[in-house]
Amino acid sequence: MRILFVAMAHSIHTARWIAQLRGRGWDLHLFPVESARLHSELHDLTIHDAFGCDHSALPASARVAPAPSESDAPPGDAAGHLAATIRELRPDVVHALELLKAGHLVCQARARLEGAHPPWIATSWGSEIALLGRLPQYALALREVLEGCDYFACECQRDVALARAHGLRGEVLPVLPGAGGFDLDALDALRQPGPPSARRLVLLKGYQGWAGRALVGLRGLERATPCLEGYRIVVYSADAEVALAAHLVSQDTGMSIDIAAERPHLEMLGLHGRARVSIGLSLGDGISTSLLEAMVMGSFPVQSRSSCAQEWMSDGVNALFVHPNDPDEVAAAVRRALTDDRLVDRASELNQRRARERFDTSVVGPQAAALYERAAVGAASATRP
């Protein structure tokens, strides 16, 4: 099986998804969609770089391929380089991890290919359809991708219905977490011993921008200050605006707030494994990988209800869902999660059970592999006389 991924090569989500396919004897290839520093966890695959990416972090097991010998695409013509790569590589499956950059690039490349195309899987990431799909400037690109892909994958049934409304014609693949599964046995060592209710750490996802709402989270924490005495707050993935706001909130309230520097994925999981509560707020999301990280590490999730996490979890049972723009709702959820030990400890038990059933690598890995086998078999059947 030869698979060509078209994806954001700097993303840990890309690296984790591909990692679960290693060890099968498959021939894995990656075409980055933009210039970036390629992720250090991209192992055992070949990179086809049309952007002059920073390869300094790549491990020795990742090979950088020369430019396709038959390519006549000029510099900067990423779609032409991708089309030439597909012609020369002849993959069994092309998989776009994300729609608006990766999927659109595949659309442009396919328009330059003559004859039969390899089957194409398009995976929706995060809030692409649920949020950006509501904006007219993205509607045409989304429709082009969804009408063109042969197979569609996503993290929730909500996005299946939305994709069909945006023109999806291809086959819908089983719902899976977009960043792959977790090795739960290996992660046990990163969890703080004892019940989660004994932990004295609160995590806040620091994304603030077109979707992220970390500043609302900070306002919610500020309003819950009396309940946070004795707790340390850590804000991760924060930009300068969020870091400044966190510093001011800390000064005004006396709360201990730290900004976490960028760190390896296992270290981030370790933070969730020492946290009582993990907060993630955005105007839209898929299942939210940070929520899954909290879930598998025993931290109680406070999550915006604009994600599709409610298909996977129950409000008031193993998570609390809030409006992403309402600091009062956030504050109320934080107060409850900090004062109700039984809720937090019971949620951890339920979430561990759910994680074993649906998110362990032993479950997700074979399901992920089956997506490619299904696509390759479908392509073979279509060409058989």
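I looked up E98 and found that, at 6% relative accessibility, E98 counts as buried (buried is under 20% relative accessible area, exposed over 50%, partly exposed in between, with a 1.4 Å probe and protein chains only). I place E98 in the loop between β5 (93–97) and α3 (99–110) (helices are DSSP runs of H or I with at least four residues, strands runs of E with at least two, numbered from the N terminus). I noted a positive phi for E98, near 115°, in a residue other than glycine.

I note here that the model is predicted, that local features need pLDDT of at least 70 and side-chain atom pairs pLDDT 80 or more, and that totals for chains, interfaces and linings use all residues. Residues are numbered from 1 along each chain as its sequence is written, and side-chain values use heavy atoms, with hydrogens and water left out.

I then turned to S288, which sits in the loop between β12 and α10. S288 is not a glycine, yet its phi is positive, about 75°. With a relative accessible area of 3%, S288 is buried.

**D285**

I stayed in that part of the chain for D285, in the loop between β12 (277–280) and α10 (289–297). What is the nearest side chain of opposite charge to D285? I found K205, 4.5 Å away; D285 is buried yet has no salt bridge (a salt bridge is a side-chain nitrogen of Lys or Arg within 4 Å of a carboxyl oxygen of Asp or Glu; for charge, Lys and Arg count as positive and Asp and Glu as negative, while His and the chain ends are not counted). I listed the contacts of D285, leaving aside neighbours within four places in sequence: G126, S127, R158, K205, S306, S307 and C308 (contact means heavy atoms within 4.5 Å).

**A7**

I found A7 in strand β1 (residues 2–7). Its relative accessibility is 0%, so A7 counts as buried. Not counting residues up to four places away in sequence, A7 touches T14, L30, F31, P32, V33, L97 and A102. I also checked A7 against P327: the two are 320 residues apart in sequence and 35 Å apart in space, C-alpha to C-alpha.

**Helix α8**

I checked the length of helix α8 (residues 240–253). At 1.5 Å a residue its 14 residues should span 20 Å, and its end C-alpha atoms are 20 Å apart, which agrees (the expected span is 1.5 Å times one less than the number of residues).

Which residues of α8 are buried? I count V242, A245, A246, V249 and S250 among the buried ones. Seen down the axis of α8, the buried residues fall within an arc of 140°, so they line one face of the helix (the arc is that of the directions from the helix axis to the C-beta atoms). These buried residues pack against α7 (214–223), β10 (232–236) and β11 (256–260). On the face turned away from the buried side I found the exposed residues A240, L244, Q251 and D252.

I looked at both ends of α8. At the start, a side-chain oxygen of D239 comes to within 3.2 Å of the backbone nitrogen of E241. After α8 comes G254, with a positive phi near 85°.

**Salt bridges**

I found R143 and E147 joined by a salt bridge, 3.2 Å from N to O. Both lie in helix α4 (residues 136–148), four residues apart, about one turn of the helix. R143 is partly exposed at a relative accessible area of 34%, and E147 is partly exposed at 29%.

I next took R305 and E329, a salt bridge whose closest N and O atoms are 2.8 Å apart. This pair links distant parts of the chain, 24 residues apart: R305 is in the loop between β13 (300–304) and β14 (320–322), and E329 is in helix α11 (residues 327–339). R305 is partly exposed, with a relative accessible area of 34%; E329 is partly exposed too, with 25%.

Last, I looked up R356 and D360, where the closest N and O atoms of the salt bridge are 3.9 Å apart. R356 counts as partly exposed at 36% relative accessibility, whereas D360 counts as buried at 8%. I traced R356 and D360 into a network of salt bridges that also links D185 and D188.

Conventions:
A polar contact is a pair of N or O atoms within 3.5 Å; within protein, one must be able to donate a hydrogen and the other to accept it, and residues adjacent in sequence count only if both atoms are side-chain atoms.
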